[in-house]
Amino acid sequence: MAPSDDFLGVPGYWTLEDLARSGQVVMFECSHCTHTKILDIPALARKHGPQTRVNFFKRNMPCPRCGKTGMADGPVLQSPKTAERRFQLVLIKPSHYGEDGYVIRWWRSIIPSNSLAAVYGIAAECAEAKALGPDTQIDIDAMDETNTRIDVDGLVKRFADNNNFGMVALVGVQSNQYPRALDLARQFRAAGIQVAMGGFHVSGCLAMLDGHAVDLDACRDLGVSMFTGEAEGRFDTILSDAAQGRLQPLYDYMNDLPGIEGTPAPFLPKRYVERTVGHSTSFDAGRGCPYQCSFCTIINVQGRKSRYRSADDVERLVRLNWEQGIHKFFITDDNFARNREWESIFDRLIKLREEDGIPLGLMIQVDTLCHKIDGFVEKAKRAGVTRVFIGLENVNPDNLIAAKKRQNKITEYRKMLLAWKAQGIITLAGYILGFPADTPETIRRDIRILQEELPLDIIEFFNLTPLPGSEDHKVLWQKGVDMDADLNAYDLHHVVTDHGKMSRDEWLAIYYEAWRLYYTPEHMKTLLRRAAATGVPIASLVKLLVQFETTIRLEDVHPLESGILRLRHPSERRPGLPRQNALVFWPRFAWDTVRTHVLFGLAIARATFWAVRIARDPEAKNYSDTALTPVTDEDDALDLYTKTTGGSEAVAHSKKVAELTGHG
Ligand code: B12
Ligand code: SF4
């Protein structure tokens, strides 16, 4: 059989002779580094004999780039004409610089990038639909810099081999990643490669500021095209402009947010997902949040109206992933409880799990009132939720009101957390430090309240940060209040502006202290005891405790940016900082790696030892403490209500509401 002119397939049984006769070009794609290579059929036929089958090369030919064998995705046949036009689309989700000036990068990162998956899904559909015409193939490569080194020289060469026909897309760029994104862009632009950038920094700034702040002119100066809003339904326009070498300086879709039902789902092929610990992937089942927290950028970029994927969309993407063996998902909606379709989505996931046997494991994000929605927590459990992230933010009602987070009622916290505990689901909560009423003393007191009175597992501390795109930032910026000019520091792990009651140094010091105060050996043991008593998976909790206890202590990186085995490369140091001599750099790197991993190993051993002892204790199931005690009238005496400013008013208010409505 001779291949037809437009045939695309995997004809592994063809011989080299068949191929030579057909005049087609054969393309292999390396399954390890995605390098593509056009095979020289006559040369191979001379070397291996004309009767050698194509499959032989698939298994045995080393990749010219990474040297590994296994060209899994090939061979692909194409006519010589079509193979001439291969648009190179390289999607890069940049990381940012750590304290030592090196990019934060790991052998394996903990959390997948949904922004990357979202743009990949859209781009893949454009490629499949031949968005650049029938003769143009779109080669897509996706890199999350938190787990992949961006080999700029290699990429520049790849583009040069294709006459720079293509584009680098800097994806999901947050404010803290903007300086790194520009440093990458600068190198590609110097090689004449087209670059476009999207994500929360560009979108947030254009939504709230004057079109130039914060530092957007840097993109204009470099000739980097900016994209605001969402890419669904627009990406083909960008690709087509790039293919004609005519990328516009700005694509502004900020006031035109698309519906996302039926749009391409976030998706990453397995070879990328494997770069995260636990091989989990992600999708957003919806966008938009009805609330108005003043520190939040999301409502100003994705809007306050709930936009959602349908249950059919979700089933499709789950099945697509299950086909590649992936069944763990982070549903990235900021507040899944306010997704209008939460119930139909949960029902479908329950069906996939209980009837079709897909062993779903889910993490979701919700608000503090989610337990009041009938059936929400119970359905979450049946759908496969094992971890839930709650935007608790603070225990002091005055602080919550200052942040316009009025929907957070501290009188509901215990009920909500106990509802998740009753289902054996691990709770993680975000806790913000640096609200107006905070001082080091009140923060210490509040952490003790969190430990003793709230049945919470993991706390993630953040510094209140005026993120570009938020109302807080806009107000400070308009008033000309001093804010750190280095966007790299807007990672919520730094302090970037002043506080009324603490100096910046005091604030930063209490931030580090907060982590130490919460993750004491004593409290970690209490958390494991609570887990054993309530049926929370103890091994899973051990992993989280080790991650959250060690990342700041050993790496000085926020745990949400953590991973396994921190990697560094001399080329990844922030421009402006001195390049270290290789003879100094590598021995230091080796020493740091050994030292950190010995300490990391000890932390794992210690937590495992505690967990095994607690799990084996015949009394473990009978453990109880104030936090685990069901909510009663006696709760009024808790420090949560008596010690915080506004706490007792919150109790009085909640009682009044109960009296008036008849609901307890
Ligand atoms: C999931 C999530 C995470 C995950 C995964 C990261 C990720 N980006 O996927 C984790 C937990 C790791 C994380 C960590 C952090 N996050 Co986060 N995160 C989110 C969250 C909730 C969802 C991201 C998402 O998937 N959005 C949906 C996608 C589809 O939207 P998108 O990224 O904007 O992409 C669309 C468009 O922008 C556009 N687009 C994007 N790129 C490009 C490129 C081109 C060329 C084009 C044409 C279009 C385009 O097309 C996409 C599809 O429509 C957002 C809030 C939100 N609702 O977006 C916060 C958010 C992005 N995170 C934020 C922050 C601050 C952080 C941290 C620094 C803080 C911290 N310590 O937690 C760390 C940084 C670590 C890191 N390496 O990313 C801020 C960023 C604000 C800002 N101005 O910088 C946000 C907005 C939340 C907030 N607090 O306001 N985060
Ligand atoms: S609840 Fe969360 S997503 Fe909604 S406005 Fe507040 S911080 Fe933003």
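Mentor: In what follows, Ala, Val, Leu, Ile, Met, Phe, Trp, Tyr, Cys and Pro count as nonpolar, Asp, Glu, Lys and Arg as charged, and the others, Gly among them, as polar. The model is predicted. By these classes, the shell around ligand 2 holds 6 nonpolar, 3 polar and 2 charged residues. Its members are Cys-289, Tyr-291, Gln-292, Cys-293, Cys-296, Ile-298, Ile-299, Asp-334, Asn-335, Asp-367 and Gly-391.

Ligand 1 has 43 residues around it, and the closest are Asn-114, Ser-115, Gln-174, Gly-198 and Glu-230. Sorted by class, this shell comprises 18 nonpolar, 19 polar and 6 charged residues. Domain 2 (85-252) and domain 3 (284-518) each contribute at least three residues to the shell around ligand 1. Among secondary-structure elements, at least two residues of that shell come from each of helix H5 (114-128), strand S8 (195-197), helix H8 (200-208) and helix H12 (298-302).

Six strands, in the order S6-S4-S7-S8-S9-S10, form an open sheet with parallel pairing. Strand S6 (137-144) and strand S10 (250-252) are the edge strands, each pairing on one side only. On average, neighbouring strands of this sheet are turned by 20° against each other, direction ignored. Within the sheet, S8 pairs with strand S9 (residues 225-228) in the parallel sense over 2 bridges, and Ala-196 stands opposite Ser-225 in S9.

How values were computed:
Residues are numbered from 1 along each chain as its sequence is written. Chains are lettered from A and ligands numbered from 1 in the order in which they are written. This is a predicted model: local features need pLDDT of at least 70, side-chain atom pairs count only at pLDDT 80 or more; totals for chains, interfaces and linings use all residues. A residue is near a molecule or strand if its C-beta atom, placed from the backbone, lies within 6 Å of it. Helices (H or I, at least four residues) and strands (E, at least two) are DSSP runs, numbered from the N terminus. Domain bounds come from an automatic or database domain assignment. Two strands pair if DSSP finds at least two bridges between them. Axes are lines fitted to C-alpha atoms, for helices over the stretch in contact, and angles run from 0 to 180 degrees between N-to-C directions.
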